[in-house]
Amino acid sequence: MIEYVKGEIANVTPAYAVIEAHGVGYGLNISLNTYTALQGKKEGRLWVHEAIREDSYTLYGFATHEEREMFQLLITVSGVGAGTARMILSSMSVKELCDVISTGNEKMLKGVKGIGLRTAQRIIVDLKDKIVTGGLAQVVPAGGSSAAQQVNSSVRDEAVGALTMLGFAPAPSHKVVTAILAAQPDLPVEQVIKLALKQIK
């Protein structure tokens, strides 16, 4: 299983990125949000979702844990495939999508190409509770990313990655790590992990 790919950005378009890592070029389908995050950078890290079928092996790349988790939730909804999920995440941010789902805003979802009324309703019904119980709604702050989170994004991501490898779910791990760094922004990653291990339920 590929968790993430980190390396030189060999090529990037609004829908596709190639990341070269240790001499191997990984082609990943991306959203517009991830494309924006990669703009102007020579190196990057994309969190990966692998779509494996009998006749194909496709990688999807995401600039953040939250975007990947939302993508994985979207594709569990009947009638929403990987292409549609990527289209939704190209049309709005994870924060905006959480707001749309939690408020039952069918009109906003229907504005996305390929989404009809029934599909919009299914997304809202199926995911409304999941984004809350999974911690995704709380992971994305109401006012956007704080300065502390931006400054400590590498420490945060490394800590969440380590906790995920230890068997903890990404969303609760992200929530706990974010709270720790908000209170103590200068902590080294190993200390953040130790504190998080005491707090994750």
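Predicted model: local features only at pLDDT ≥ 70, side-chain atom pairs only at ≥ 80, totals over all residues.
The crossing of helices α10 and α12 is right-handed. Residues are numbered from 1 along each chain as its sequence is written, and side-chain values use heavy atoms, without hydrogens or water.

Start with the whole chain. It has 12 helices and five strands. These are DSSP runs numbered from the N terminus: H or I over at least four residues for helices, E over at least two for strands. The C-alpha trace spans about 45 × 40 × 35 Å along its principal axes. Of the 201 residues, 39% are buried (under 20% relative accessible area; exposed is over 50%, partly exposed lies in between; 1.4 Å probe, protein chains only). Residues 24 or more positions apart account for 51% of them.

Now return to the opening pair. Helix α10 covers residues 153-165, and helix α12 covers 189-199. They pack at an angle of about 50 degrees, with axes 9 Å apart. Axes are lines fitted to C-alpha atoms, for helices over the stretch in contact, and angles run from 0 to 180 degrees between N-to-C directions. So α10 and α12 are oblique to each other. Under 35 degrees is roughly parallel, over 145 roughly antiparallel, 65 to 115 roughly perpendicular, and the rest oblique.

Which residues of α10 and α12 meet? V155, E158, A159, A162 and L163 in α10 meet V189, V192, I193, A196 and L197 in α12. By class, this contact has nine nonpolar, no polar and one charged residues. Nonpolar here means Ala, Val, Leu, Ile, Met, Phe, Trp, Tyr, Cys and Pro; charged means Asp, Glu, Lys and Arg; the others, Gly among them, are polar.

A second pair is α2 (residues 65-74) and α4 (residues 94-103). Their angle is about 40 degrees, and their axes are 10 Å apart. That makes α2 oblique to α4. E66, E67, M70 and L74 in α2 meet V94, L97, C98 and I101 in α4. This contact has six nonpolar, no polar and two charged residues.

Finally, look at the loop between β2 (16-21) and β3 (24-29), where H22 is found. Is H22 buried or exposed? At 86% relative accessibility, H22 counts as exposed. Its phi is near 55 degrees, a positive value in a residue other than glycine. Most residues other than glycine have a negative phi.

Key:
Left-handed = near helix turned anticlockwise from the far one by under 90°. Contact = heavy atoms within 4.5 Å.
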